[in-house]
Amino acid sequence: MSSSFPDANWNRSKCEPGKILLGGRLQSWEDHHLRLLEGFHTVQSCQTACCQSPACDAFWFLENMCIQVNCTVPATCQANRTGTSDSVLVFLKKSKSTE
C-alpha cells in the first residue's frame, strides 16, 4: 500500500523563506498580481499554499488572511514597513531539483 501525494514532484523542490518583513506591506497595488486565498490561514499554511503555486513568489499574511503575490517583474514587489505586528510579507526562494 503506497501513500499518495497531491504532487510528488513538489516534494523534491526546494521552497523556503528568503526575505521576511515583519510589519511589511507592498508599496503599490496597481502592478501587482495578488490573489486572496479563501478561509482562515496560519503563516505555515499560507507558505505551503504559495510553495505549491507556480505563480506565487511571495505571500502577504495579514490578520489571518493569506494573499499570494506574483513578482514576475521584480520592481513591482517593492516592500515597506507598516509598523503593525499583524502583517508579515515573505518572499520565497524556490528551486526545482534536478533529479
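Predicted model: local features only at pLDDT ≥ 70, side-chain atom pairs only at ≥ 80, totals over all residues.

User: Is Cys-50 buried or exposed?

Analyst: Cys-50 has 0% relative accessibility, so it counts as buried, the cut-off being under 20%. Cys-56 counts as buried too, at 1%.

User: What joins Cys-50 to Cys-56?

Analyst: A disulfide, with an S to S distance of 1.8 Å. The torsion about that S-S bond is -95°, and the link is left-handed.

User: How many disulfides does the structure hold?

Analyst: Four. If you number the bonded cysteines of the protein chain in sequence order, they pair up as 1-4, 2-6, 3-5 and 7-8.

User: Okay, what about Cys-46 and Cys-66, how far apart are their sulfur atoms?

Analyst: They sit 2.0 Å apart, and the two residues form a disulfide. The torsion about the S-S bond of Cys-46 and Cys-66 is about 85°, so this disulfide is right-handed.

User: Which parts does that pair tie together?

Analyst: Helix α1 (residues 43-52) holds Cys-46 and strand β5 (residues 65-70) holds Cys-66, so the pair links parts that are 20 residues apart in sequence. Both Cys-46 and Cys-66 are buried.

User: And Cys-71 with Cys-77, left-handed or right-handed?

Analyst: Left-handed, because the torsion about their S-S bond is about -95°. The S to S distance between Cys-71 and Cys-77 is 2.0 Å. Cys-71 is buried with a relative accessible area of 14%, and Cys-77 is buried with 8%.

User: Switching topic: which residues make up the largest nonpolar core?

Analyst: There are twelve in all: Cys-15, Leu-37, Cys-46, Cys-50, Cys-51, Cys-56, Phe-59, Phe-61, Cys-66, Val-88, Val-90 and Leu-92. Helix α1 and the strands β4 (58-62) and β7 (87-95) each supply at least two residues of this core.

User: Nice. What lies apart from that core?

Analyst: Another core, of ten residues, lies apart from it; Leu-21, Trp-60, Ile-67 and Cys-77 are among them.

User: So where do the cysteines of our Cys-46 and Cys-66 pair end up?

Analyst: Both belong to the largest nonpolar core, as do Cys-50 and Cys-56. Cys-77, on the other hand, is one of the residues in the ten-residue core.

Methods:
Residues numbered from 1 in each chain as written. Heavy atoms only, no water. Disulfide = S-S within 2.5 Å. Helix = DSSP H or I, 4+ residues; strand = E, 2+ residues; numbered from the N terminus. Buried < 20%, exposed > 50% of the residue type's maximum accessible area, 1.4 Å probe, protein only. Core = buried A, V, L, I, M, F, W, Y, C linked by side-chain atoms within 4.5 Å.
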